Amino acid sequence: MIYEIKGGSFPVAVCKMRAGEALSCEAGAMSWMDSTIRMETKSGGIGKVLGRAFSNETLFLNRYVADGDGEIAFSANSPGEIRALEIQPGRSIICQKGAFLAADESVDLDIFFQKKMSSGLFGGEGFIMQKLSGQGTALIEIDGSTVEYELAAGEKKTIDSGYLVMMEDTCSIDVVMIKGVTNVLFGGEGLFNTVITGPGKILLQTMPMVQMVARISAMMGSGK
């Protein structure tokens, strides 16, 4: 994939496609494209359709095929960043739901179920996440700005709900309850935090949309 990310805080990824190339994206992600590119809709099989329905994702992916050289653009759904990830064989990437934007056709998008039910129920990242595997370039959306960490083996990072965007599949995810009654009642951080254990790379986002919406709703409710 040959791409250029433009637009600052309201990003768009403009991708150059050669004749015969194909890209996949979530339904509705395409912003504009040349007439040399055509769209096809694919399900990936009944298993993937059921998995995507269960995770509240769109049931189908769109496939864009270049009949000749051309350009196609994919825009983010919220202010933030678009980050390109290089997917390697045997090294999967786990992302939060809704992070996937587009990818080379050689990249496989699947559903990732967290092994520990408690992590999904209380960790704020959801029981179901997205898994990117195969080989090629994938584009993901990030709310706000990106902060990247490379965790050593056994190194832990405690994260508030919604701030984890991506982790390598060598990392593990768990939840811990915040200690202390005073901290729980008055700390403003809820009951649980997400804990990621290395080794592997993680990406965090500085302004999850769920947090932004909650703050705007609170301000509107207060009349400010």
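E105 lies in the loop between β10 (100-104) and β11 (107-113), where strands are DSSP runs of E with at least two residues, numbered from the N terminus. The model is predicted, so that local features need pLDDT of at least 70 and side-chain atom pairs count only at pLDDT 80 or more, while totals for chains, interfaces and linings use all residues. Residues are numbered from 1 along each chain as its sequence is written, and side-chain values use heavy atoms, with hydrogens and water left out. At 35% relative accessibility, E105 counts as partly exposed (buried means under 20% relative accessible area, exposed over 50%, and partly exposed in between, with a 1.4 Å probe and protein chains only). The C-alpha atoms of E105 and C25 are separated by 9.2 Å, although the two residues are 80 apart along the chain.

Strand β13 (residues 136-143) has 8 of its 8 residues buried, and is therefore largely enclosed by the rest of the structure. It pairs in the antiparallel sense with strand β8 (residues 80-87) over 8 bridges, pairing being assigned if DSSP finds at least two bridges between two strands; within this arrangement, G80 stands opposite D143 of β13. Strand β10 also pairs with β13 in the antiparallel sense, over 3 bridges, and I140 in β13 is the bridge partner of F100.

With regard to aromatic side chains, the charged end of K157 sits over the ring of Y149, 3.9 Å from its centre (the criterion being NZ of Lys or CZ of Arg within 6 Å of the ring centre and within 35 degrees of the ring normal).

Terms used:
Helices (H or I, at least four residues) and strands (E, at least two) are DSSP runs, numbered from the N terminus.
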